[in-house]
Amino acid sequence: MSEMQADAARRIHWARDDAVPYSVYVDEEVFRLEQERIFQGPVWSYLGLAAEVPKPGDFLSTFVGTVPVVLNRGRDGALHAFVNRCAHRGATVVRELRGNCKVHTCLYHQWSYDPEGRLVGIPYRRGLDGVGGFPSDFRPEEHGLRKVKVASIQGLVFGTLSQQAPPLESFLGDFVCERLRRVFNRELVSLGYQRQRVRANWKLMVENVKDSYHGALLHAFNSRFGFFRSSQRGDVRMTSGGMHGILTTYSTPAEQVASAYEQVATFKPNLTLEDMSVVRFTREHDDEIVTSIISLFPTCLMLHGGTFLIIRQVRPKSAGEFEMVWTIVGFADEDEERRALRVKQTANLLGPAGYVSMEDAEAIEATQTALRGEGGNAQGIIALGGRTVEDQDHLVTEVAIRGFWKGYRALMGGEVRP
Amino acid sequence: VNGLAAIAAEVSGETSTDVPWEVERRLARFNHRYVQCLDTKRLDDWPGFFCEDGLYRIYPRENLEAGLPACLIYLDGHRMMRDRVLCLREVILYADNAVRHFLGAPAIRDEGDGTYAVSTNVLVIHSDSEGHSRIFCAGEYRDRIVDRAGTLAFLEKTVVVDTFTVPSHLAHPV
């Protein structure tokens, strides 16, 4: 174990594999190590949809961890990505969220770059009136923007800052690739974005999505309208040793559900909506899968079910804060009626204002608030459905959360030591 | 995308203040009563500010500028508005902050037939249970208000939010 890894291991004491030490959510030094070992480590981070940058010169600004990155369609039609930091003095080069241009020019000294990130212009390179200028051995081709390696699957574009990352499809694993091919089975289109700033650690958000336990308990809206229930037939499948997880629910007779809620305090069986159009879902694909909740390590969270086709990107800002960007996705070949329904149902149920999702932000902020002060060796429990990490044929389990932490420890250099 | 051209046209319409001052005052007072209703959390009264089939939505400036339709809230008619109130009262757990709305002066365009396009700057401050205040939202109301036999109602209220990254979550209407 290297000295750095020993440091991290000392900071965080993993006493059990069915528990999470709370310091991992609040320690700023851990946050810094995560940037280095996870986000700049051998993983692939979601950058955006190929459909968001359809034409040569189209670009969008995003992040890999805390590193600002630009995804750019090159003049050659290929996808490129680079770190958004001028090779000269480090200023932000691209300052718009999205756009199209032939050349990116840094505001500070007007160094300019092409859409592939190559340095193409340096003011006063040869000096002015015979004085100054860069040395004659200065080679512009060595001073492009730092490249981010790009790969895509089904129109979803990922990037990595590491030379050690395995090929994208090996990183994701066969089961995840199969599901992505099923869900994103034709040309995509972005219908827009929702964003929220949450005062909590980014990992609490990732865990929330891997947590099938809270769905029927916290979200009373869900349980009443049959959108998601723990008792629904479902399973958890993982790839890459637990890093990535897919929670799937399958169609099931409604009568199986009623008895599971008798002891649940948040269940409001007397609730009725006047306008049912927000919960009137039609299936997208002709199979028995109702919902796919896909979480890709480290921070890409996808939801597919009914009219929902959502990609969430969690952008860590500090140990105690993240931004989450929701991309509302549709298919290029669908009619306007279907798109309008996606917009309406997503706005009312999901996102920062949705009847279901707003509670997640509230719950994890309540968690961060409680964890912030104490320090010490306090830990949270993740033993629902056992203590180990293997696929399970039900959803009454926290196994996908245990899988996440197993992958996290492997990259961060921590081991379970009782 | 559905109604997108219409959305862009509606919300970017030219406005002026060359309507009679009595009209300006009535319209401004109507929005003032609207935000008082929200600040005092009389949510049951909130749908009554809209026409029966009125539209309420919160629209991120990011999407407006990109020409994309996704909203943060989209409520089409009194029934959906009452459903939101029911969910906020009975179903959803959220931070029930103290809320203060601050409005700018309205810019108005008379569209004829007793209908006015009105845009008004809005700032919303939230204060939590420990007395900490923060800006929750800066934005603009883009309203279409109709005068029917002396009673004003929103045909449409679109809140274009500059604060398109929502602090935590968005529960109550703005």
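Arg98(A) and Glu62(B) form a salt bridge in this predicted model, with 3.0 Å between the closest N and O atoms. The term covers a side-chain nitrogen of Lys or Arg within 4 Å of a carboxyl oxygen of Asp or Glu. Between chain A and chain B the count is four salt bridges. There are also 20 residue pairs in polar contact between the two chains, both residues at pLDDT 80 or more; a polar contact is a pair of N or O atoms within 3.5 Å, where within protein one must be able to donate a hydrogen and the other to accept it, and residues adjacent in sequence count only if both atoms are side-chain atoms.

The elements of chain A that give two or more residues to the side touching chain B are β12 (188–198), α8 (220–225), β18 (321–331), α9 (336–349) and α10 (358–371). Helices (H or I, at least four residues) and strands (E, at least two) are DSSP runs, numbered from the N terminus. Of these elements, β12(A) supplies the largest share, nine residues.

Pairing requires at least two DSSP bridges between two strands. Within β8(B), Val166(B) stands opposite Gln196(A).

Residues are numbered from 1 along each chain as its sequence is written, and chains are lettered from A and ligands numbered from 1 in the order in which they are written. Local features need pLDDT of at least 70, side-chain atom pairs count only at pLDDT 80 or more, totals for chains, interfaces and linings use all residues, and side-chain values use heavy atoms, with hydrogens and water left out.
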